[in-house]
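Hi everyone, thanks for coming. Let's have a look at the model together, and then I'll talk you through a few of its contacts.

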Amino acid sequence: MRLLRAVGMRWGGALFHVAAAVAVFIAWRILGMPSPGTLGRLIPLQLLLTGLLIGRRPVPGASALLLGVFLATSLFWASGPAVFLTAATVGVLTSFPGMRAASRGRAGLLRAVLPVAPLVILLTLFTGDEPHHATITEGFVSPGTGRFGNLTTQFGDPVEGLTHHQQLYPLLHVPAYPLGIPGMRMLDLLFAVGASMLFARMMRREGMAEEDAGDAALLGMLTIPGAGILGLVYPGWCAMLTFFAGVLVAAGSRSWRLRLAVVFLVSFLLFLMKTRFAGLSIGLLAAFSITSRGWRRWSIPLAAVLGILLLIVADATVLGGRLFLARYGNVLTLRHLAANASGRFASVAMGALSSLVDGESGLLWRAPWVLAAIAGLPALWRTHGRLFLWLALPAATYLALLFLWMPYDWASAPTPPGRLLLPAMPVLLASLAPMLRRRGVGALVWVSLAVSAALIAFPSLRFNYFDGTDRMLGAFWGRFTALTEWLPSQVRPRLVPYVVWTAWAVLLTSLCIFRKGRMLPAGLMATALLVGLMSAGPRRSWEAEDIPPDYRTLCVDYPAELDPSERKHWISTIERMLLLNDPRDAVMLPVAATDGETLEVDLRFISIRDGGPVPGLAVSCGASPESLYASSEHFEEEVLQRRDSLIPLPLTAGYFGGIRELLRVPAGTPPCTLRIVPLGVEPPHGPEHGIYLQRVEVR
Amino acid sequence: MQDCARELQLPLRSEASHRIALPAAVLVASALLAAVAGITAWSIALALLLPLLASRRGDWSRAYAAAAVAAALSVASGGGAAGLTAAMISALLALLAEPSRVRRLAFVAPMAVLVSSGSFRDALPLAIAAGAAGIPARKDLRLALLAAGACACLLAGGLPGAYGTDASPWVARSVARGEGACWPDTVTLDHSAPVLLLDLSPVEGMEVELHASGGGVRDGDPVGRLELPGGTRWDIPPRDTSFTFVAPRGTARVVLSRAWRPFEHPVVRFCSARTTGGGR
């Protein structure tokens, strides 16, 4: 008995996780849950690996509870897809406290993330930029093999045969190439672990508590945005590894010349890894300059400018522009940057705000820990000024460059959410570390971890298409939810959601500081209530592309391709629409109306006449229909050519002006259905002919 | 006991001002929910559950904190099946964690509302077990009773499930294709979403080719069924299958027909359907 107790005390954590793995495996099968061959094996494997790696540590307190919640939720999984999603998410989350326990000690961060490696590597679709990076790697090893799909061109490439990706990052994957996709992803996981270890070391060196530094570094990997690309073939973590290596040396006590050389080398490597990381390089050089004294302070910017000029000359003369000029150094790119900096400040500011509150890619919904981190920034500045400088300045210059360059495309959809924001995270993680002890902040972190767990278990939820709807939200709240209407969206911006959620984010951030966070739990409960009220209320407005098949007959989602690259250069709007161009097409929305009542129906659409009569709409609600005919104005050729002479003049909906019409429709006998059908769309007509419905509001 | 409350940083002890303010705020919240969502089983259950959770005096244990989180999730859900399930789990966790017998029995009330209103199918044994579990003081005994209730659910009726506001069956997206139409999206049906509807009215009289497959079972018996308006039915076996038929007016249903059985994970995959030009 004594022996058993001794084993339990010493190996309790390990035994618990092994037992939990068995329990989850058996429960999954007894309850007949979906995906028994993937999730039903990989989640137990995650628990098993946690058990093997946790070592001689006791059972983490929250693990047993999470296991219980998993079993309880699993019992009800047949209630709906959202409940199954929740159960699997809790299953992944069950290992997290054990992984945190395993992160203590030497190489702890490597031990901590290994349990999720099989899930990430095996479940996530090899998509986005991943195959393109892999194809470039293949070009170094065995050109033309076609192992990764012979991908030759991609949106954003300057010309065919010249990719817009830099070569250094794919070159680093050459050793992993023989091991295929798992090998390349494993290498990226090691980049992340390496970066986090250096980050933790840096925080410790600057005087942060050992436990705080370890927790912050681990959270960097297990929460969005770091978790979104953890173990995926994207250069974010590799760049962070390079950056932290540079900062560690630059902020250290070595000779000034050596540190200067390292800073220049790291800055150059970051640029070679991805052009946008030049923002980090600028910040790194600026921080080094500020921390230097005397003539050294002004000589660094001068040397940097000279170095950049030398680089551009060398690129133009020796490399034929392949490094920079052919990709981004052309006149149009410079004009684009200049126009964004001077004339499109509102768009740039909108992009920056959206990175926090946007429903699809903003951090507020996926990583609410950021709110506590923002609240902790002043304290970090006061208590760890040097750390703040070395992390905040590069983050600021990186973000400034990112939003100036890509005010609409900062999310780089459809790739994992917030992946382009990763370089700005270290300063926030460092400011979060001391905040973790505050009341309520733990809840924000747990919500962030739960979101990451959901994205690990269901990787398809990572990929949003910049169409205004979040896949995770749709999966949990269902296809009829009114919540979509209340979330800010950069692709179809409306003032009220932006104001409401920005104000709410400011409120929650303030609550993290106010009375040391004692009121934050109340703020979080109020947030749940606010979300509940928004989603439970009756729906009276619909973005047309969000109308589920339940409420429409035929109709076409336009454009058919989900990839936003097709829409990003549209002029009148960049949102998707619902095309009604067949006489059988119809939209049927349930409305609450009494007999004889007059409904005001606010319609927004684009109407294109392409070979047929002028298209129109008929709207009815159980009584006689109201109809209208209209044709949108095509943007003039001259206007386009003034804006950018290289853009051709497509006759597609994004280049036609929008129409807004208010119809008064009498309601018939309840229950009423608002029926919207197209007019003037009988064949024959051209392919663009029809009504492109954008939004329907019923008052 | 207090570790998780510290981890989640939830209130460790009720302060004097909170004794009135918190339950009052929660009551207002419940009233708001009921006003917006209507008087439903979900809003009534939450109106019972939230004040009970908020009026807890003394330290919050880990399970109690988790019950509060589950209740918050239920509130945020807006009344879908996930929200009903979260309310049920919140009540179960609070029942486990609550030291006072009276309050434990009070936590059975929201469960009773959910089950008696018909919002949950096949969950009666669990509700009865929860009622019994409210009595004993020993936590492990309460846990054993609840586990027995869960097993009884499985033995008696199969998997318990909730009916939320999002309970309607899936509807396949249709796209016009010349004079015909196609249903291009793949939809996987399982016990959490066992029915798919296809509106055939726009292609009435045309020949339709439908591809589906079954799987996740250990025998060759049918997994699902294709039901056409007018009563025609075909079984979907556990392999790839195609069906060709002339579309009648109305809505076709693709249904997962297998009942729950342990160690089986039946799924029906609707691959696609399209008109082929025949018919009329």
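Between chain A and chain B the count is one salt bridge, where a salt bridge is a side-chain nitrogen of Lys or Arg within 4 Å of a carboxyl oxygen of Asp or Glu. The partners are B:Arg173 and A:Asp557, whose side chains meet at 2.9 Å, N to O. Before I go on, a word on the basis: this is a predicted model, in which local features need pLDDT of at least 70 and side-chain atom pairs count only at pLDDT 80 or more, while totals for chains, interfaces and linings use all residues. Residues are numbered from 1 along each chain as its sequence is written, chains are lettered from A and ligands numbered from 1 in the order in which they are written, and side-chain values use heavy atoms, with hydrogens and water left out.

Back to the interface. There are 18 residue pairs in polar contact between chain A and chain B, both residues at pLDDT 80 or more. A polar contact here is a pair of N or O atoms within 3.5 Å; within protein, one must be able to donate a hydrogen and the other to accept it, and residues adjacent in sequence count only if both atoms are side-chain atoms. Which element of chain A gives the most to the side that touches chain B? That is H26(A), with nine residues. By class, this side of chain A has 35 nonpolar, 11 polar and 11 charged residues; Ala, Val, Leu, Ile, Met, Phe, Trp, Tyr, Cys and Pro count as nonpolar, Asp, Glu, Lys and Arg as charged, and the others, Gly among them, as polar. Helices (H or I, at least four residues) and strands (E, at least two) are DSSP runs, numbered from the N terminus.

In total, 57 residues of chain A and 61 residues of chain B take part in the contact, meaning heavy atoms within 4.5 Å. The buried area between the two chains is about 4,900 Å², and carbon and sulfur atoms give 67% of that. Buried area is the accessible area (1.4 Å probe) that two parts lose on being put together, summed over both. In chain A, the residues that lose the most area to chain B are A:Leu75, A:Phe76 and A:Arg584, together 13% of what that side buries.

In one of them, A:Arg437 meets A:Asp212 at 2.7 Å, N to O. A:Arg437 sits in the loop between helix H21 (425-435) and H22 of chain A and A:Asp212 in helix H11 (residues 210-222), so this pair ties together parts 225 residues apart in sequence. Is A:Arg437 buried or exposed? It counts as exposed, because its relative accessibility is 56%, whereas A:Asp212 counts as buried at 9%. For these words, buried means under 20% relative accessible area, exposed over 50%, and partly exposed in between (1.4 Å probe, protein chains only).

Another pair is A:Arg604 with A:Asp602, the closest N and O atoms being 3.9 Å apart. A:Arg604 is partly exposed at 25%, and A:Asp602 is buried at 2%. Both belong to one network of salt bridges that share partners, which also includes A:Glu485, A:Arg494 and A:Arg539.

Last, chain B. Five of its strands form an open sheet of mixed pairing, in the order S3-S7-S12-S9-S10, with two strands counted as paired if DSSP finds at least two bridges between them. Strand S3 (170-171) and strand S10 (233-236) are the edge strands, each pairing on one side only.
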